[in-house]
Amino acid sequence: MKEFPSLVEQLADWVMNGRCTVSDLEFYEQYNQEYRPSDWMRKPSADEEFFTFVQDGAGGQYALHLVGDVDVDRAPVVKLGRDGEVAVLGRDLIDFAWLIACGVEPIGVGDHGKLRGPFEASAPMQAWVRTLDASRTFGTAEETLQAAAAAHPGLVQHIRTMAGT
């Protein structure tokens, strides 16, 4: 099993302690703690490449796509929504952290990364995320979602194929 990222614990601290504007997330302490990708896809092999690390209040899952020798810090983050939405939310956990810092409730990201509803950024959290990779340029939430989709163009279709949808 891949190592559980310490960045998830740090994100949990920001969200669970009300240090940012996002609140509708329940972070896991280990992969697939409550829900597994196979629960969503109805395919047991999904648990060999997707690793859920957080869920939203409606039951949507957020997982890392870990195949081969991919480093957990470089794995894309995907949304497996309660109502069947699928989106690539980040090229990695830093992108996912940036979305949260921008005030995006992941439940508010629809199919293929379309944003729904207003959101309010957290300047202190944005400053913290920038320290995670000083060489990275951070854009808007929309730009982050577009970059994630562009970096992993076939991932949404792969998930849909696995799920049979």
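Two strands count as paired if DSSP finds at least two bridges between them. Keep that cut-off in hand for this tour of a predicted model.

**The sheet.** Select the strands first. They form an open sheet of 5 strands in the order E1-E2-E3-E4-E5, with antiparallel pairing. Its edges are E1 (25-27) and E5 (86-90), each of which pairs on one side only. Look at how neighbouring strands cross: on average they are turned by 35° against each other, direction ignored.

**E1 with E2.** E1 and E2 share 3 bridges in the antiparallel sense, so the pair passes the requirement of at least two. Pick Phe 27, then jump to its bridge partner in E2, Val 54.

**E2.** Now colour E2 (50-56) by accessibility. Is E2 mostly covered or mostly open? It is mostly covered, with 7 of its 7 residues buried.

Move on to E3 (residues 61-65). For one of the partner pairs, show Gln 55 with Gln 61 in E3.

**E3 with E4.** Step across to E4 (residues 77-80), which pairs with E3 in the antiparallel sense over 4 bridges. Zoom to Tyr 62: opposite stands Lys 79 in E4.

**The helix on the sheet.** Finally, select helix H6, residues 155-163. Which strands does H6 touch? It packs on the sheet and touches E2, E3, E4 and E5. Compare the directions of H6 and E5: they make about 140°.

Terms used
Residues numbered from 1 in each chain as written. Predicted model: local features only at pLDDT ≥ 70, side-chain atom pairs only at ≥ 80, totals over all residues. Heavy atoms only, no water. Helix = DSSP H or I, 4+ residues; strand = E, 2+ residues; numbered from the N terminus. Axes fitted to C-alpha atoms, helices over the stretch in contact; angles between N-to-C directions. Contact = heavy atoms within 4.5 Å. Buried < 20%, exposed > 50% of the residue type's maximum accessible area, 1.4 Å probe, protein only.
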